[in-house]
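Reader: I have just opened this structure and would like a friendly walk through it. Could we take it one question at a time?

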Amino acid sequence: MEKITEIKLNVRPIFIGLVHQYYYEGPCRFGKGEELETDYDVMMNGELYKRFQEEVASHMPACVNLMDPVYVERDDWFRSREDMFEAMAKDMNQVDFYLFSFGIGRGDIYLEFAQRYNKPQGVMPYTCCEAAVNTSAVRSRGLEAYAYRNWEDLAAHMRVLHVRKALAKTRVMVVTRYNSSRSYSSSDNFIDLNTVTEKFGVQFRYVNIHELMDQLHVTDPTSNPSLPGRKAENLTPEDMKEVEKIADELIAGAEEVRMERDMVIATIKGYYLVQKLLKVNDCNAYTMPCPDSCSTRRLNEEKLTFCMTHSLNNENGIPSSCEMDINSVLAMAIMESLSGKAVYMGNTNPVLFRDGKMAQLQNFTDEDLRAATDQRENVYLIFHSTPNRRLRGYDQTKPPAYSLAPFAHSGFGATIRYDFTQDAGQVITMIRISPDAKKLFVAGAQSLEAPVQRRTTAMKVCLSP
């Protein structure tokens, strides 16, 4: 299972040289004296190729895997040899993007390469008129090509292409009960998953909620009532040792634990089983429904919710959302690929006022607001039970302060309680994709202080104008 955070954009640099065979000057060659010698062309091609490699290596973002560069050249017969195209197309199935460097008398090679192989390609920055001319030639034929003003623009575009690749390699394991797309608590989900697949390349794999719940039991894996006689992925005694280890580590790292150890263990059983199912289904993202899972009463009977599963998935580079909110899963994949940080799923609500007081939201009152901030304009409240400990980056060595508390009043369903006042003043980014998958909303905001010791973890933000 390849995680979203492990995906790299494979970029192949290609340099096309031109060597004149005879001593002359004209429209395809300028210079004087030794500059018109063949040896001078050979020397200059070598220098330019070396400089090209150095510039590419020094300007590529971390999301790029820079492949071995390719050097090809033509002479002034201006012939297009097959061995030249074979060299450039080597290991093509592994290449995501081709970055070219060339000058006059070689644009036709760039165009033919695009026509032959139909792969994304671009011209390096600062390449005189060749970038605009040849990008226009390729795009006018309905093929993908790009030109860049500078290395910063190129690096930004590499990050965009990296996100596109990450989405295309996203395989979402969707736990279902009634259906595979319509959520009973997130009705702004995607309208048509087939459209999502066609647009982004995302694939979906489905697991039945009852099959999943049966496999929580440490028992003969062929004895599940939903899969009689089939060997399933039931938890084993060895798995339970790991489950207890994860639970004890969570408890030990928490500043406060407001539930019993056995209830934490029950929750981690769900997380551990999901990891096994992600692996066998070769998936790197996850979601499951909430109300229709809850109404089976099986969550209540097993004494767990999957809030912690989503929290731990997200902090381990696996986009994961509750409410079968596939829209959120893809937004997470985008943000995790761009930021290298775990993402927090939250319901966003404008803070509204009635008779001068804040209208209560999920037990968050006007008194809570006044205790946190004097701000009254353009304030939004975000809350959910799925925060995590890697919001500042997957590589942070010391997790921030957190607590463990039950989702249910009766004490089950371990959730992370994260104190967002630790991030007061931080700039955050929010993303949502439209249900028809045609629009992307992105907003910048500043996190304000907010109390968090409540059933749902709360965070206030102030949206940028």
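This is a predicted model: local features need pLDDT of at least 70, side-chain atom pairs count only at pLDDT 80 or more; totals for chains, interfaces and linings use all residues.

Reader: How do the residues of the lining of the second largest pocket divide by class?

Author: This pocket holds about 790 Å³ of space. Its lining has 29 residues, and those closest to the centre are Leu-48, Phe-102, Gly-103, Ile-104 and Arg-106. Sorted by class, the lining residues come out as 16 nonpolar, six polar and seven charged.

Reader: Which element gives the largest share of the lining of the second largest pocket?

Author: Two elements to look at are β1 (9-19) and α1 (38-59), each supplying at least two residues of that lining. The largest share is eight residues, and it comes from α1.

Reader: What about the largest pocket: which residues are the closest to its centre?

Author: The largest pocket contains about 1100 Å³ of space. Of the 37 residues lining it, the closest to the centre are Met-335, Val-343, Tyr-344, Thr-429 and Met-430.

Reader: Which elements give two or more residues to the lining of the largest pocket?

Author: By class, that lining has 19 nonpolar, 11 polar and seven charged residues. The elements giving two or more residues to it are α13 (326-339), β12 (347-350), β15 (379-384), β18 (427-433), β19 (440-448) and β20 (457-463).

Reader: Stepping back, how many helices and strands does the chain have?

Author: The chain has 465 residues, of which 53% count as buried. Its C-alpha trace spans about 90 × 65 × 40 Å along the principal axes. Among contacts with a separation of 6 or more, 69% are between residues 24 or more positions apart. As for the elements, there are 14 helices and 20 strands.

Reader: Why are the buried residues of helix α4 on the same side?

Author: The buried residues of α4 (residues 130-139) are Glu-130, Ala-131, Asn-134, Thr-135 and Val-138. They sit on the same side of α4 because they cover an arc of only 110 degrees around its axis. The face turned away from them carries the exposed residues Ala-132 and Val-133. On the buried side, the packing partners are α3, β5 (121-123) and β6 (145-147).

Reader: Is Leu-99 buried or exposed?

Author: Leu-99 is found in strand β4 (residues 97-101). Among the residues it touches are Val-11, Phe-52, Val-123 and Trp-151. Its C-alpha atom is 6.2 Å from that of Arg-12, 87 residues away along the chain. The relative accessibility of Leu-99 is 0%, so it counts as buried.

Reader: And Asn-327: buried or exposed?

Author: Asn-327 has its place in helix α13. The residues touched by Asn-327 include Asp-188, Phe-190, Arg-432 and Pro-435. Because its relative accessibility is 0%, Asn-327 counts as buried.

Reader: Is Met-324 buried or exposed?

Author: Most residues other than glycine have a negative phi. Met-324, which is not a glycine, has a positive phi of about 50 degrees. It is in the loop between β11 (320-321) and α13. With a relative accessibility of 1%, Met-324 counts as buried.

Reader: Last one: is Asp-355 buried or exposed?

Author: Asp-355 has a positive phi too, near 55 degrees. Its place is the loop between β13 (353-354) and β14 (357-358). Exposed means over 50% relative accessible area. At 77% relative accessibility, Asp-355 therefore counts as exposed.

How values were computed: Residues are numbered from 1 along each chain as its sequence is written. Side-chain values use heavy atoms; hydrogens and water are left out. On a 1 Å grid over the protein atoms alone, a cavity is a set of points where a 1.4 Å probe fits but cannot get out, and a pocket is an open set with protein on both sides within 12 Å along at least five of seven lines; lining residues have an atom within 4 Å of a point. Grid points are joined across faces, edges and corners, and a volume is the space filled by probe spheres set on the points. Helices (H or I, at least four residues) and strands (E, at least two) are DSSP runs, numbered from the N terminus. Ala, Val, Leu, Ile, Met, Phe, Trp, Tyr, Cys and Pro count as nonpolar, Asp, Glu, Lys and Arg as charged, and the others, Gly among them, as polar. Buried means under 20% relative accessible area, exposed over 50%, partly exposed in between (1.4 Å probe, protein chains only). The arc is that of the directions from the helix axis to the C-beta atoms. Contact means heavy atoms within 4.5 Å. Lists of a residue's contacts leave out its neighbours within four places in sequence.
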